[in-house]
Number of protein chains: 2
Amino acid sequence: VRTLKLTVAYDGTAYCGWQRQINGTSVQQRLEEALTPLTGEPPTVNGAGRTDAGVHAAAQVASVRVDIDHACDTIRRAVNVHLPADIRVLHVEDAPATFHARFNAIGKTYRYRMVTADVVHPFDRWFVWHVPGRFDVSAMRNALPGLVGTHDFAAFQAARTTITDTVRTIRRAELSTTEDGLTLDVEGDGFLRHQVRTMMGTLVDVGAGRRGAASLSDLLRTRDRSQAGDTAPARGLTLVRVHY
Amino acid sequence: VRTLKLTVAYDGTAYCGWQRQINGTSVQQRLEEALTPLTGEPPTVNGAGRTDAGVHAAAQVASVRVDIDHACDTIRRAVNVHLPADIRVLHVEDAPATFHARFNAIGKTYRYRMVTADVVHPFDRWFVWHVPGRFDVSAMRNALPGLVGTHDFAAFQAARTTITDTVRTIRRAELSTTEDGLTLDVEGDGFLRHQVRTMMGTLVDVGAGRRGAASLSDLLRTRDRSQAGDTAPARGLTLVRVHY
């Protein structure tokens, strides 16, 4: 029995998210199905991040235990043959028997893309949030240090979740301007459900002048989801990297 | 009556091409339909380039004569409201009464994107041709000067066309390497149907060593479509610019 580490990219548009669900097709399910011709029995593929419905990945990492002898590149090619074109295995490598994509991850980087121009280029339409208008980028940047560091992010967590440990560490948060909008890159040890999307929605409030740049520390202190901004749409979010 | 110049981007995947057809939906038809709420009667929109089924545009240009008073930006916004997200009007401006997008164009630039890596990133899957393998990029570049200039491109024309004037001028042809493949940029005074795609298919033969870099001048001389390479798939081609 070998443990494999898979690096996977996907366009999440058509999926109910990474994780298997009773209703809808998940990326995990598609990967397990694509491995089955090799493994005989459907294996369990564990992903580092449970991306939500519509969220994309440039480099999700998954681990799987298999009892096959093929070379890693052969496995990659065989799996890609059985995957739809919106999911691709970029890389396969052997990992220590104890490797688990989720439990061993020490951090993740997400990217959120926002188009502020009047028009979204048709090529980008599944990968961005369209918020036409002028935003105060300096104010948005000034708000970021209030979120970096170790904080209780309960105010940024999806409503109706049962997670009780809501303390997370954000190591880096950067806002860059692009030709037609803004891109937020956030690296942290882990993220609550909807955390990055709620950060983006709250930063947009700051950029639009509806909320002060210095107010985010107060917001964190409330631990009250209703005090934060809207949850930005899934389509703008991409899991860019998993750190080990 | 005003003459408007529209700059239009589209993901051509879902369309039978730019031009109205009896079967299938065209980009032209969608634009004419989206203008109708403003104009009352459906107008005729003339495009600079008749892109084929599945071919994309970053900046197609179209002209239309309308009898409305709205500001150009208002027209752009109103039309985009009625267009699907895979077609966007980027820009609207007033043009001289005699302006016709096709007849006044003095040139066009097309881009062809090819992925030579093992895997196509899911985000790019509608916009590239996947030809995994190693290609001799120097040989491909050496072949380009044989195509630049004024030539009879009959050998590069779609089979079963009735066009008799097959002389065209290519002003520029550049092949660049990208992270996962090659990009061909071609600027010319005009192009025959499938010309850029057949150029790409023929260059791939050169890059794979199936054809010599110096052989393209001989190929042009044959005027025989069966002597050229395959027609590369539509999805890799984008109309990038129309010159006036």
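The model is predicted, so local features require pLDDT of at least 70 and side-chain atom pairs pLDDT 80 or more, while totals for chains, interfaces and linings use all residues. Residues are numbered from 1 along each chain as its sequence is written, chains are lettered from A in the order in which they are written, and side-chain values use heavy atoms, with hydrogens and water left out.

**Exercise 1.** Determine how Tyr110(B) and Phe191(B) are arranged as an aromatic pair.

*Solution.* Step 1: rings of Phe, Tyr and Trp (its six-membered ring) pair if their centres lie within 6.5 Å; planes under 30 degrees apart are stacked, over 60 edge-to-face, and the rest tilted.
Step 1: the ring centres of Tyr110(B) and Phe191(B) are 5.4 Å apart and the planes stand at 90°, so the pair is edge-to-face.
Step 2: the pair joins distant parts of the chain, 81 residues apart, with Tyr110(B) in strand 5 (residues 107-115) and Phe191(B) in the loop between strand 9 (181-188) and helix 4 (195-207) of chain B. Helices (H or I, at least four residues) and strands (E, at least two) are DSSP runs numbered from the N terminus.
Step 3: both Tyr110(B) and Phe191(B) are buried (under 20% relative accessible area; exposed is over 50%, partly exposed in between; 1.4 Å probe, protein chains only).

**Exercise 2.** Characterise the interface between chain B and chain A by contacts and by buried area.

*Solution.* Step 1: with contact defined as heavy atoms within 4.5 Å, 24 residues of chain B touch 24 residues of chain A.
Step 1: the two chains bury about 1700 Å² between them, 66% of it on carbon and sulfur atoms; buried area is the accessible area (1.4 Å probe) lost on being put together, summed over both parts.
Step 2: Val119(B), Phe123(B) and Arg125(B) supply 34% of the area that chain B buries against chain A, more than any other three residues.

**Exercise 3.** State how many salt bridges join chain B and chain A, and describe the one formed by Asp118(B).

*Solution.* Step 1: the criterion is a side-chain nitrogen of Lys or Arg within 4 Å of a carboxyl oxygen of Asp or Glu.
Step 1: the count between chain B and chain A is six.
Step 2: Asp118(B) pairs with Arg77(A), the closest N and O atoms being 3.7 Å apart.
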